[in-house]
Amino acid sequence: MINRLVKMEFLPDQVHSFRELFARQQQQIRNFPGCLHLELWEHPDSGNTFFTFSKWESAAALETYRQSDLFRDTWAQTKVLFAAKPAAWSVTPAAIL
């Protein structure tokens, strides 16, 4: 399983547009083969910084999504709203010692 965290900072006047876009696309992303979970998180102090947290069956499932028309269309509409370059990480739970 792959956990994916993507940080996105939007132009302040484009936050509403992003929220609308996410509302339209979220169910299609959640229903994409291999997607196990999707959440949108907001940084409470910034007003324009958001994170998506998703879980995928495998790295291959995530890559299939990233090559899909759904991703290309969603990303094309999202990236024009950015105030800064996004950052993405594949993460795993930390071992507790």
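Q: How many helices and how many strands are there in the protein?
A: In this predicted model, the elements run β-α-β-β-α-α-β from the N terminus on. The protein therefore holds, on the DSSP runs that define such elements, three helices and four strands.

Q: What is the order of the strands in the open sheet?
A: Eight bridges join β1 to β3, and five bridges join β1 to β4. Strand β2, for its part, is joined to β3 (residues 49-56) by seven bridges. With antiparallel pairing, the four strands of the open sheet have the order β2-β3-β1-β4.

Q: Which strands stand at the edges of the sheet?
A: The open sheet has the order β2-β3-β1-β4. The two edge strands each have a single partner strand, so one side of each is left without a neighbour in the sheet, and these strands are β2 (35-42) and β4 (87-91).

Q: By how many degrees are neighbouring strands of this sheet turned against each other on average?
A: The sheet is an open one of four strands with antiparallel pairing. With direction ignored, its neighbouring strands are turned against each other by an average of 15°.

Q: Which residue of β3 is the bridge partner of Cys 35?
A: Strands β2 and β3 run antiparallel and are joined by seven bridges. Within β3, Cys 35 has as its bridge partner Trp 56.

Q: What angle does the direction of helix α1 make with that of β2?
A: Helix α1 (residues 15-30) packs on the sheet, where it touches β1 (2-9), β2 and β3. Its direction and that of β2 make an angle of about 165°.

Q: Which residue of β4 is the bridge partner of Val 6?
A: Strand β1 is joined to β3 by eight bridges, the two strands running antiparallel, and there the bridge partner of Glu 9 is Thr 49. Strand β1 also runs antiparallel to β4, to which five bridges join it. In β4, the bridge partner of Val 6 is Ala 88.

Q: How many of the eight residues of β1 are buried?
A: Strand β1 is joined by bridges both to β3 and to β4, and helix α1 touches it as well. The strand is largely enclosed by the rest of the structure, because the number of its eight residues that are buried is six.

Q: Is Phe 71 buried or exposed?
A: Tyr 65 and Phe 71 form an edge-to-face aromatic pair, 5.3 Å centre to centre with 75° between the planes. Tyr 65 has 8% relative accessibility and counts as buried. The relative accessibility of Phe 71 is 16%, which is under the 20% cut-off, so Phe 71 counts as buried.

Q: With the side chain of which residue does the side chain of Ser 54 make a polar contact?
A: Ser 54 is found in strand β3 and is buried, with a relative accessible area of 7%. Leaving aside neighbours within four places in sequence, Ser 54 is in contact with Ile 2, Asn 3, Arg 4, His 37 and Leu 38. Its side chain makes a polar contact, at 2.9 Å, with the side chain of Trp 56.

Q: What distance separates the C-alpha atoms of Leu 11 and Leu 81?
A: Leu 11 has its place in the loop between β1 and α1, where it counts as partly exposed at 34% relative accessibility. Beyond its neighbours within four places in sequence, Leu 11 is in contact with Leu 81, Phe 82 and Ala 83. Although Leu 11 and Leu 81 are 70 residues apart along the chain, their C-alpha atoms are separated by 6.1 Å.

Q: What radius of gyration does the protein have?
A: The C-alpha atoms fill a box of roughly 40 × 40 × 20 Å along the principal axes. A compact globule of 97 residues would have a radius of gyration near 13 Å, and the value for the protein, which agrees, is 14 Å.

Technical notes:
Residues numbered from 1 in each chain as written. Predicted model: local features only at pLDDT ≥ 70, side-chain atom pairs only at ≥ 80, totals over all residues. Heavy atoms only, no water. Pairing = 2+ DSSP bridges. Axes fitted to C-alpha atoms, helices over the stretch in contact; angles between N-to-C directions. Contact = heavy atoms within 4.5 Å. Phe/Tyr/Trp six-rings, centres within 6.5 Å; stacked < 30°, edge-to-face > 60°. Buried < 20%, exposed > 50% of the residue type's maximum accessible area, 1.4 Å probe, protein only. Polar contact = N/O pair within 3.5 Å; in protein donor to acceptor, adjacent residues only side chain to side chain. Rg over C-alpha atoms; globule rule 2.2 N^0.38 Å.
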